Structure formats: C-alpha cells, structure tokens
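User: I am new to reading protein models, and I would like to learn how to read one feature after another. Could you take me through this one slowly?

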Amino acid sequence: MDKGRPDHLHGTLDALILKALAPGARHGYAIARWLEETTDEVLRIEEGSLYPALYRLEKRGWIEAEWGRSELGRRAKFYHLTERGWAALERETAEWARFAAAVSRVLLATG
Amino acid sequence: MAKRDEGGRPRVRGILKPSVGDEVEEELSFHVEMRVRELVAEGWSEADARAEALRRFGDLMRVKADCRRIAEERERSMRRMEFLAGLRQDVRYAFRQLMRSRAFAAAAVVMLALGIGATTAIFSVVDAVLLRSLPFPGAERLVIPETLNLENGDTWSVTYGDYLDWVDAGVFADVGLYQSVNVNISGGEASERVATALITGDFFAALGVAPVLGRLFQADDFVPGSPATAILSYGLWQRRFGGDRGIIGRSVRIAGVPTEVIAVLPRGLGFPRDVDLWLPLEVTPARRAIWERRDNFIFRSVARLAPGRTLEQTRSHLATLARQVERDHPDIRSNVTVTATPLGAWMVGAELSRALWLFLGAVVLVLLIGCVNVANLLLTRAAVRGRELAIRTALGAGRARIVRQLLTESVILALIGGAVGVAVAFWGVRVLVAAAPAEIPRLEEVALSPTALAFAAAVSLASAVLFGLAPALRASRGSPGAALGETSLRATAGAGTRRRRGALAAAELALSLVLLVAAGLVLRSFAQLRATDPGFETEGLLTFSLSLQGDRYDPDGVTASTFAELRRRMEAIPGIEKTAIVSSLPMGGGGFYLGRSFLAEGRPEPPQGEEVSGMWNVVSPDYFGTMRIPLLRGRDFSSADGAESTPVMIVNREFARRMFPDGDALGKRVRSWRDENLYREIVGIVGDVRFFGAGDEIRPLVYVPHPQNEWGSMVVVVRTAGDPMTVVGALRDAVRGLDPDLAVDDVQTMDQVFAASVAPRRFGSLLLGTFAGIAVVLAAIGIYGILSFGVTQRTREIGIRMALGARREDVLRMVVREAAVIALVGTVAGLAGALVVSRLLKSLLYQVSATDPVTFGGVVLLLIAVAVAASLAPARRAASVDPATTLRAE
C-alpha cells in the first residue's frame, strides 16, 4: 500500500488524527495545522500523506465526513469521530502509553 | 449502518453527490489553497507561496490516486453491505409474510414442487440419455459407418469389402468391425449365454478403451487356429468371477472351447449395448471370400474421425468410395451409399430423442400452468395487500424497493418449492426408471446428478421471475393515495384487472388443452396397439434362446437331431402341450432376423428394388400349431422334411399375395437367388403375424424346415397348459441333461414379449397422461380461484345490481358467462397450439391421425366441462349475495 513506512509510525499517524478530531469536527488542513502546532513540528510528515490516512480511517468506520463551510466560507470536508473512532482513540492511547512506558523504562534506566 | 438505510437520505444524497474523483480534487485543492493563503499572509509572493505549498504537500498526483482508490473501495463495500442488509431485511420480512398466510404459501409450494419436481425428473432422463457424453475419450469424434439406401433413407449394417476400402483410403483414424452373437460360457456352477461381440483388431483402438486388467487382443489372437482368447466386461467379471483379479490367464469354457481370459474392460462402457464378452473375429480365407461380397451386410462398424476431418468431410469421402462400389457392382449396389452417424445419436436414435424432448416440453407446460396459478395467487394477495404496500410506499419505500421485496417473496417461495421439488424428483426418477422401456440406452445411469440439481435450482429461479415479476410490477404501481382510498371507495374491480386474470385462466386452459390432446392421441394409439391381433395366441406361451456351440455340433445333422431330441424331452414334461423351435420370434421377441429377396420359377431377375423380399424363418415341425398361427392351405412341415428330401417352404398369406397376385401359390417353386439359390416348393400357406412388434406392418415371411437349414442359434417356444413360468425349472434340467455346456437364455413369456413391444407407447401414454392429469387439476384450481376471487371483489357490485332488480339467475349467468368466455378463448388458443404439437407426436402415434377428431372433440368438451364446473361454486355464491347485508357492510 504505502511505501515501506514502519507500521508503528503508520499507527501513530492514525492515533494522532483521531486525537486531532477529539475536540470536534475538523477539515484536513485544520488537522495538518494542529499536528504542526501540537508536535512543534517534531513529527515532520508530508502533508499529502495525511489524506490517504483520513480516507482509510473513514473506510474503517472510525471517522465520518460531511461537507460544510470553512471559516473563510469555502466548501470543505469536515471529519468527526464515530463511536468506534472514540473507542479506537482510547485503545490506541492506552497502547501508546504502555509502549512509551516500556521504551522509557529501558532507555532511561540507569546502570 | 442499518440505521442509515431506513431514512430516505442516503438515496437522495446518492443522486446529488458528485463523483469520488471530484470530491478528492476539491478537498486537496482546498488544503493547498489554505496553505498558499497562509504563506502569502506571512509575506511570501503568490507564486513562491504556491510552489512552497505544493512542495510541502508532496506527491499530489499519487495522494490523489490513493485517496480515490480508498474512497472507491469504501463506496463499493458500503453498497454491498447496504444490499446485504436490505436483502436480510427482505428475507426476514418475506418469511413473516409467508408465515402469516400459510395456506397461500402451502398451495404455492405444492404447485411449484409438482412442476419443478416433474421437470427435474424428466430432465434427469434427458441428461443421462441425450446430453451426458459417452465414457470414451473424445467420444464426440466417434461415429457409426452405415449403409444407406438413397431411395427410402433406410440404414443398415456394412460389408467387409467396404471396411477394407475405408482402411485403404485412410478415411478414419481407426475403424473397427464387430458382429453381435450369443455365446455359451460353461464350467463352474452353471452355464450362461452372454451377448458377445466378435471384433477386429482396431475396434478398441477406435473406441480408445484401455483394459483395467490384462492386455487387449494382438495380431496373434486373430490368426485362425491360434489359442482362443477372450476379454470380459467389468459386469461379467464381477457377476460370474466375483471380481477375482487372478482371472487373467485362466482358462474358461467359451462356446465349448477352453479359452484364455486376457483382459477385463472398465465398468459401464455401454457400447455395444449389453455386450459382456469380446472375442477376436478370425478371418479365414474361406470366410473372407464370402464376407467380401458387396451385398453381404453382416458387420457393424465403429470408427474415430481422422484428425482434422469433420463429419461432413468424412461422409463425402465415404460417399465417394461407395460410388465406386456402385459402379463396380451395379446389380447389387445401385442407389446404395455409405454414411456415418455420431455414436451418441446412433445409440439413442432420432425417434427416442424426439420423444424425450417432447416429454420435457410437456412437463415444462405443467410447470408453466403451475406458475400461472401461483402468479394468480400472488395477484390475489397483492389485491389484499394493496393497503400494506400503499402504507409502505407512503412511508418512503421506492418502487424498486417494493418490487425487490415482492420478488424476494417469490424467490423464497420458488426455492422452497424447488427443495420440495427435488424430493419429488428423487422419487419421480425412480418411478421413471422402473416404468421406462428397456430400449432406452443408459437408463441405469439416470439419477439426480449435480447437473439435474443445478437445473432444478435454475428452473426454480426462472419460475420465480416468471410468476413473481408481473404481480410485483403491478402491485408496486399506482399512487399510495389512490390505493389507500381504493379499498373503501371502489365498488367494482377494475375491468382491466379482471381481463388480465381472465387471460391467465385462459392461458392455463390452453396449455392443458395442448397436453390433453397430446396425451389423448398417444393413449388412443396405445389402445389401438393393444387391440391389434398379433396373428397368434400369446397366452400360455414360453420362449427361450438356445445356441448349440462346440465341436460336437459340427457334423451335418447333429444340430437338427439335437433340437429334435430336446423337443421330445420337453414334450415329456407334464404341463407342456407342444414345443417348436424358430430362428426369430414374431413381435420382435428375439432371435436372428434375416431378410432375403425371392424369385418364382420361370421369371426373369427383376431390377433392384422391385423384387419380392421376405423375412427368412427357420422352424421345426409343429411351429404353427404351437404358436396357433392358422394353417390356411397345404400342410405343415413334418419329420419327413429332412436334409435329403425335397426342399420345401411355407409362406405367409402376405408373401403369397405379393409373389402370386393372381394365382395359387401352393405347389409353386421359389428361390432366394442371391443367397441360397435353391428352388423350394411351397407346401403350405399360413396366417400373417406382426413380426417386429405390435405396431408393425404386415410383412411377407417365409418358413423353411430346420433340418434343411441347420442353424445352431434358435428360439424355443413352448405351449403350456397352465402358467408358463412353472415349467422353467424342468426346461433348464432338460437342456442341461442334453449338454451341460448349453445355457438357457432370454426366458420370457409371449405376453411379456407383447408387453415389451408396446412398452414405448405405454411409457409415452403414462407420462403424457400423468402430466395432462396434473395440468387439468391445476387449471381447474386456477379457474376456480380466479372466478371465486372475482366474485369476492364484486360482492358490492352484485349487491347493487340485485338491489336494482337483477334476479339470481342473472347473477348466476353473469359469472358462468365469464367462465364461458375464458373457456372459449382458452380452447381456441389451445387448439392452435395442439395442432402444432400433435404433428411432433407422429412417431408415437399408431393408427390415429395427428388431428384425430375424436380426441380433439373429447378434449374440448372435457375442458369446457371443467371450466363450467369450476365456475359453479363461485356463481352460486354470487347468486346468494344478500344485497342488504353487503351494502351495509362497507
């Protein structure tokens, strides 16, 4: 499908998108901007790769889209979480926390 | 998901929604535009900002393509899920509806099961006999070369000389000859006479058969005087030798000669029919001299088309070679050519295959009548359910949705009908196989095959569309407002609806009329056939075949004296009155049938085709007395008619009439100049018999005494005082006492021979009669249902009419008149169909014209009676309508 990006990063992008939608419906550009700001541009992803990820999540039924008006009055596609999306966000977050904790324990261990 | 389907929203959105590609385009360009705007706000120039935005975005084209692909996948899976969810809903709903009206569902299922079951059963026969290919590799390239008379289209066997021509000219890839004979196998517990094929070396090569055990014949096996070898069929190996694999190399007494078994063939070859033993055809110079005569048609042949050659090319090649034979032998081969028929078609025969297709056609008519009935039931229900459907429409269900819902019900009905129908077919196939005449080849292979089951499923679905589509389309039409108002406001059923239902009833009548006429014609033929006088007394006659084979019968006179001794011993058995032997039984009862051409003394040889020919019979004294064939003039043969005495013959009345149209045949001398060429004096004239079966024409026959034409393979006829079967044991003992190598074969009573000769027409009458019976019952139910529902719907109208002064008789007449119109239209349409169909029946008819007025008239009367009878109950109900209660009721 996508050029050989490691799976966990793939999953991470999905989780971040879900997180971006947690406060409410956003269009793709808004999600991109949110990612830039909240990650302080640490995670440099190509903006374009955001969209296939969004479409996949929609296909999986985690998010749904509806056309609406953007802040500037243009037609834009707004995504929001479905019930299953919320559940997925919780699951992904918990998993990430476990993963991060494990990695931290190893990497930050003294001696 | 399911929640989203129920409202009208997704459908509406579906119409307005732009394509997936446009949406992706719009979304991505929005992103880029927003970025550009932001960069411009940061102070970038418009052009630089756009370049930067695109750079940051990455590979726009690829992203676009990815998004599009994912979105399309998503749409597809959503549509699929929506469809499945809808289907599940429809199925659940349909079951609920059917459960709610169980009587309706049961009636529909029974009618469909009958139709589908009967159709599937007949199809199983058609499939096994006509469609399934024979068990030979490349069976479609196997043909039977045959001699063809160009004047009358008759075909028969071939000569050895012609066979050699084909081999020399390379007409075929492989071509074999065979001769069918009956041979005694003895040794072990009991001797047995089995159907045997004497074959040439290429026979199995042509068929492409390899043995399951052992080796096929090699050149050595055909050399005269070489050790005798034999090949067994799988069936004989299992039956007589218990499937013992050690049989190869073992010696078995065959035709009184120790013979080595060299091979066992695969199971179920089926060609030549019923053959259990194969022996090499030994070609001696003396035999060859006789065989090569171009009018000695004593061989059957089977061949495989040469690679790249079509059947047509092969036929024209055969015809070219036959023309040369005709030039060389104009006296015996004028107007005679050679053709080739595909093996499958040859085995079944044109008549049988036409009959089978006809039966399938007939049973499809029954199914059609069933479908019409179910369609009618559905229309009735649709009228009752008008309100329910109107409400659903009002609640936003589209027309397509309602049609789908109704069709789902139909398909479910049809599938249940089909499932029950398969059970009917399972039983029907057994009945068919048990009742079918033995002439039908491959009958033992008839079964509910996967093909037949697939056929049943296809027929079920097709009938669902047939009976379901029209009612569904009709029911879904009309605005909800009208439909909701209708039931309470309308006093009469629409004239259009009534006409349509009337047309359905008329169609049913027409279809049953076609079937009834077909059944009637065949049934009358069968009755005529049963009533024919065979020319002798069939009752109290037992027959069996016997072949005297082995060295001991080689000396002249031994065969005749052995049969004479056998007759003496048999006549000593209590219960046996008279016995005789004959080379071929009348009524097609078995033996060796031989036709010859005759010439009276003093007449010139006539041109070919104008000679008097007759069937050649070899008989013992007392044959006519035993059979009770009347001796009209002269005398019977006696023991004085021996090998050395004056050659004599007895002829039947037909032969005497043809050979001596204006004189007394008795005392005249006649020869069969192409074969025996010996003048025989006619010493007696006997009555005619039906020679090849009950329906056969009267043929000229000649009889010669056995001692003067000493054949070893004969049929024995025994007249008994009581039940013929009671003497069978004693007869077997008598034969065994004479020679333990001999085997009694084909034991049957003459009544059984008679029954077998009328079996095909009996089978035809049975099938068509059953179908026609079902059809009439279904049609009667259909007409009753239609009229009865019409009365229910028009109760209010009838009430008003009566309130306005109509009398009961008027109302009665109104309903019966409707039935009469239906009957009239149905009869006229049916007669037209029957006239077409009855012409296809010709081969099944006997002494009944295809337009037999008795049958046609009787059937029309019967159907009108059925229509009137079906209308009586609804009419009486209509007449008993009480205007006061009806009008108050609504």
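User: How many residues of chain B are in contact with chain A, and what counts as a contact?

Analyst: Two residues are in contact if their C-beta atoms, placed from the backbone, lie within 7 Å. In this predicted model, 18 residues of chain B are in contact with 16 residues of chain A. On the side of chain B that touches chain A, the elements giving two or more residues are α3 (20–41), α4 (46–57) and α5 (60–100) of chain B, and the largest share, 8 residues, comes from α5(B). Helices here (H or I, at least four residues) and strands (E, at least two) are DSSP runs, numbered from the N terminus. The predictor gives the complex an ipTM of 0.87 and a pTM of 0.76.

User: How are residues and chains labelled, and what limits apply to a predicted model?

Analyst: Residues are numbered from 1 along each chain as its sequence is written, while chains are lettered from A and ligands numbered from 1 in the order in which they are written. Because this is a predicted model, local features need pLDDT of at least 70 and side-chain atom pairs count only at pLDDT 80 or more, whereas totals for chains, interfaces and linings use all residues.

User: What does pLDDT tell me, and what is its average in chain B?

Analyst: pLDDT is the predictor's confidence in each residue, from 0 to 100. Chain B averages 87, and 95% of its residues score at least 70, although the pLDDT is below 50 over residues 1–15 of chain B and stays under 50 over residues 481–493 of chain B.

User: Is B:D882 buried or exposed, and why?

Analyst: A residue is buried if 20 or more other C-beta atoms lie within 10 Å of its own, exposed if 12 or fewer, and partly exposed in between, with C-beta atoms placed from the backbone. B:D882 is exposed because it has 12 other C-beta atoms within 10 Å, and it lies in the loop between α27 (853–879) and α28 (883–889) of chain B.

User: Which strands pair with β17(B), and in what sense?

Analyst: Two strands pair if DSSP finds at least two bridges between them. Strand β16 (residues 595–600) of chain B pairs with β17(B) in the antiparallel sense over 4 bridges, whereas strand β22 (residues 701–705) of chain B runs parallel to β17(B), joined by 5 bridges. Strand β17 (residues 612–619) of chain B is mostly covered, with 6 of its 8 residues buried.
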